[in-house]
Amino acid sequence: MDALSLEPTLYTVKAVLILDNDGERLYAKYYDETYPTVKEQKAFEKNIFNKTHRTDSEIALLEGLTVVYKSNIDLYFYVIGSSHENELMLMSVLNCLFDSLSQMLRKNVERRALLENMEGLFLAVDEIVDGGVQGYKTWLGIHAWMLSKTDITLRESFWRATLSRWCTVWPSEGMMFL
């Protein structure tokens, strides 16, 4: 194995995928040239879906890549990294994405609701992963997008985004600082 491939890197995420319950692509963002053509990407996605849609585990090693995934109703969420990547880092990206979508879609994370709110999905993925580099959970952009969807005020949105960085539960439930 080449020593350069094991050097630490910030580029932890190779791809983020969301497939429906038939294995068809709803969203795909590739951050490197592992699969440069759409044909190769679709074949890879079909292979991942066929190997993971009937299992209860959350992590798989496929084609030399680490794949973490989660299913919900009629959607399958995948975050893909290299085979040397820490699964917990990839799982934190997956959980952040799923939790963000769950909040935006008001706990109704299903195909129809996701397709009606694709701009929120694009925003969430861009906030969580920046060019393959896992970012911090910056919820301010997501809360700003939610302003147009709810009756929440800008001041309350900023307050919640700030607190979400420092608190593990909301103040109404009792504050717990990290």
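A residue is called buried when its relative accessible area is under 20%, exposed when over 50%, and partly exposed in between, using a 1.4 Å probe and protein chains only. By that scale Tyr69, with a relative accessible area of 6%, is buried. The model is predicted, so local features need pLDDT of at least 70 and side-chain atom pairs count only at pLDDT 80 or more, whereas totals for chains, interfaces and linings use all residues. Residues are numbered from 1 along each chain as its sequence is written, and side-chain values use heavy atoms, with hydrogens and water left out.

**Chain and surface**

- The chain contains six helices and seven strands, these being DSSP runs numbered from the N terminus (helices: H or I, at least four residues; strands: E, at least two).
- Of the 178 residues of the chain, 40% count as buried.

**Aromatic pairs**

- The structure holds six aromatic pairs, where rings of Phe, Tyr and Trp (its six-membered ring) pair if their centres lie within 6.5 Å, with planes under 30 degrees apart counted as stacked, over 60 as edge-to-face and the rest as tilted.
- One of them is the tilted pair of Tyr27 and Phe122, at 5.7 Å centre to centre and 45° between the planes.
- This pair links distant parts of the chain, since Tyr27 lies in strand 2 (residues 25–30) and Phe122 in helix 4 (residues 118–128), 95 residues apart.
- Tyr27 is buried at 7% relative accessibility, whereas Phe122 is partly exposed at 39%.
- Tyr69 and Tyr78 also form a tilted pair, 5.8 Å centre to centre with 35° between the planes, and Tyr78 is buried at 1% relative accessibility.
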